[in-house]
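Hello,

Here is the structure I promised to pass on. My notes on it follow below.

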Amino acid sequence: MTKEELKAALEKAFPGLVPASQAVGDYLTLRLPDAAQLLPVVTCLKETLGFEYLDMVTATDWLGPVNLDGFIREPNFNVFLPEGATAQAEAPKKTAGVEYRDAIELVWCLSNLKGRIKVFLKLDLPRGGGKAPSLVGHYKAADWQERELFDLFGVRFDGHPNLVKILTPDFTVGHPLRKDYVHQKDRFD
């Protein structure tokens, strides 16, 4: 199956799918119109088209530059440098040409190993309480990856059997990979 044949098959079965404006490399990259389309599209990909492998689930926060409130930015004393260490971070600036928006973009990569083809699915979720259906019922590999996104971005996955933090300690307030995250000093600072 070629990329064009896969695209035609998916667009015929799901008319709401459109090619993503930002494709991932040379792979077929499709944008889902809403979260309700995820499970039907993935079911079709897995059961009909042979996409039996989930490569990854990841996310990007498109809010803009990172909020540095709470992070150490002043020079630190360093015994090896006579003038001390330089500041650890400078105030970020917006990157020209990047479309910032108030959304967290989820990205799934699925593979048909026999056909040697991959497809990327993208979905924008609102930053305030966005939810997507869990793919744990289709792919066991989604379990920890969805927990990471919950922990680091605050994305909820409906139907996940154990949606709890996986990387940060229980006392961490907020979600560290969100652009509006404000670090609160804890016992490790």
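Let me begin with a salt bridge (a side-chain nitrogen of Lys or Arg within 4 Å of a carboxyl oxygen of Asp or Glu): Asp124 pairs with Arg101, their closest N and O atoms being 3.0 Å apart. Asp124 lies in strand E5 and Arg101 in the loop between E3 and E4, so the pair ties together parts 23 residues apart in sequence. Helices (H or I, at least four residues) and strands (E, at least two) are DSSP runs, numbered from the N terminus.

A word on the basis: this is a predicted model, where local features need pLDDT of at least 70 and side-chain atom pairs count only at pLDDT 80 or more, while totals for chains, interfaces and linings use all residues. Residues are numbered from 1 along each chain as its sequence is written, and side-chain values use heavy atoms, leaving out hydrogens and water.

Arg101 and Asp124 also belong to a network of salt bridges with Arg31, Glu105 and Lys122. A search of the whole structure gives 11 salt bridges. In another, Asp102 meets Arg127 at 4.0 Å, N to O. Asp102 is exposed, at 55% relative accessible area, whereas Arg127 counts as buried at 9% (buried is under 20%, exposed over 50%, partly exposed in between; 1.4 Å probe, protein chains only).

On the nonpolar side, the largest core has 38 residues, and Leu45, Trp108 and Leu121 touch the most other members. Such a core is a set of buried Ala, Val, Leu, Ile, Met, Phe, Trp, Tyr and Cys residues joined through side-chain atoms within 4.5 Å.

Best wishes
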